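The tour begins with one pair of elements and then widens to the whole chain.

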Amino acid sequence: MFSRRSDLPLDRDEQSRFLSWLIAFMVFLAVLAMAGLLVLNSIAGRWDQGVRGTLTVQIAPANDPVKDDVRLRAAVAVLASTPEVERYEAMSETRLLRLLEPWLGTLVEAGDLPLPQLIDVELKPESTIDLAVLTQQLLAKVPGASIDDHGIWLERLVRLIVTVEGVATAILAFIGFATVGTVVFTTRTGLAIHKEAIEVLHLIGAQDSYIARQFAGRALSLGLRGGLMGLVLAVPTVFGIGYLAGRMENMLIPEFALLPIYWAALAALPVAVALLAMLTARFTVMRTLGRML
Amino acid sequence: MNTEDGETVVRFQNVGLRYGLGPEILQDISFTLERGSFHFLVGESGAGKSSLLKLIYLAMKPSRGLISLFGSDIATTSRRHLPALRRRVGVVFQEFRLLNHLSAFDNVALPLRVAGTRESEIEKHVVELLSWVGLKDHLNARPPTLSGGQQQRVSIARAVIARPKLLLADEPTGNIDDALGYRLMHLFEELNKLGTTIVIATHNNHLVKRMGHQCLNLDSGYLSMLPPDQASARMPQLPDNGETTTNESSEQPDLEKFL
């Protein structure tokens, strides 16, 4: 597919150096886009896994601790009699305040604000529950109670993530097209520059594939070199973004972490881009020379 | 690939060639070259000798007519099969066409590399041949650092290294002294004895007369076959410096080793 020894002075071409740096930049962007894609995928999976099969029962505050307690007990009794419920737990006011901390800060104390009472409910695995029936049962005992199955929140979040994933995929595709276009351009330029030498090679009996191997080998070499440069620049950037996201973790963003397999996928990107460059160069040469005598 | 009688190496039938919309510079060219024949191609400058050679070594397509090489009709031979035909043809280009970024060794090795010969074989044959043409000390020299005559010898070595079935040479002795010229002619004759068909384009009337081979004479775009004496008489008469003898006998063992 490629050749290390070259009969053409491809290593002296100016556009070769340009191609190497361009591939470095492409791989840098591709690594960032792909890291984002993988992290989002991981986050979406964890959110989905964490939220699916759970409910939150919300009881509006009555501004009377006794009444609030009675309403809470009534709601708990309904949940306890529901067979699909695996576990339930009324949230303490302290936990509520901690959840609200990103919006309200740490200065708000218990009793400062009328807070609703929340019951965290976990459903039995594989169980299906009719939320309308459960809501009616709750409302019969606790007027003003509501159930949130996180469906709307999850749906919006998934829609957002799918959109961002689409953008990241489009960026990756754009990078692929740009790489192919650049390699086609530099290969054609190389063919024009070395036209005389290529003609001599043809006249002494070289097959098109013999000449194409030399261009493909050069493109692979430049692709690997540029790809590694891009990867070396991108990895600290990904770590930096991860570090910044980690500092925000306690606030809104879930853990920003890449699994080892994802790191392996990122490390494979330069090789993939180099292979793409090699195949593009070979295809371009074969196609261009195919039109000659 | 078609095969005719297996002995006809080149066949031209009513071949014409024009560049663009210009006049035909080769008209109704018809001839055959049999295996093992030796011809000089003569004619005035601009008569179309180089164009005729280009048609034979498949660098150009004719405007009309039929060209057959080793029994294959060029018009119907697929592009994929042309390299195999070209590998059977050795060419000494008038302007050498050496690859300036490669050493003399690598230039001569090209036809063997293209044919997929092992590197150990390549080294042995290339060094022997370059030694024989007097360039043993210039194996690693790049063409721009060599004189015109040295470049011509590299070009000749490249043309014969793969032992072609057909050797075409365009003014192969134009830049070298008579002694070396005759020595190279001796190489061509030795190849010819082994069955290689030879066509040499030349302006050297002494060479034509001395070697005594049939001549393809190009005149105003038309081709005719002439005996050597007649062809020589028609050519511009170059001064004969008399240096027609060399110490070829001392080089003979090397040549035989190569061949």
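In this predicted model, begin by selecting helices α7 and α8 of chain A, whose crossing is right-handed.

To locate the pair by number, select residues 208-247 of chain A for helix α7 and residues 260-289 of chain A for helix α8. Two packed helices are described by the angle between their axes and the distance between the axes. Here the angle is about 155 degrees, and the axes of α7(A) and α8(A) lie 7 Å apart. Because angles over 145 degrees count as roughly antiparallel, α7(A) and α8(A) are roughly antiparallel to each other.

Next, select the whole of chain A and colour the cartoon by secondary structure. How many helices and strands are there in chain A? Chain A holds eight helices and four strands. Followed along the sequence, these elements of chain A come in the pattern α-β-α-β-α-β-α-β-α-α-α-α. With a radius of gyration of 30 Å, well over the 19 Å that the globule rule gives for 293 residues, chain A is more spread out than a compact globule.

Along its principal axes, the trace of chain A spans about 100 × 40 × 25 Å.

Finally, consider burial and contacts. Of the 293 residues of chain A, 27% count as buried. Among contacts in chain A between residues at least 6 apart in sequence, 87% link residues at least 24 apart.

How values were computed. Residues are numbered from 1 along each chain as its sequence is written. Chains are lettered from A and ligands numbered from 1 in the order in which they are written. This is a predicted model: local features need pLDDT of at least 70, side-chain atom pairs count only at pLDDT 80 or more; totals for chains, interfaces and linings use all residues. Helices (H or I, at least four residues) and strands (E, at least two) are DSSP runs, numbered from the N terminus. The radius of gyration is taken over C-alpha atoms; the globule rule is 2.2 Å times the number of residues to the power 0.38. A residue is buried if 20 or more other C-beta atoms lie within 10 Å of its own, exposed if 12 or fewer, and partly exposed in between; C-beta atoms are placed from the backbone. Two residues are in contact if their C-beta atoms, placed from the backbone, lie within 7 Å. Axes are lines fitted to C-alpha atoms, for helices over the stretch in contact, and angles run from 0 to 180 degrees between N-to-C directions. Angles under 35 degrees count as roughly parallel, over 145 as roughly antiparallel, 65 to 115 as roughly perpendicular and the rest as oblique. A crossing is left-handed if the near helix is turned anticlockwise from the far one by less than a right angle, and right-handed if clockwise.
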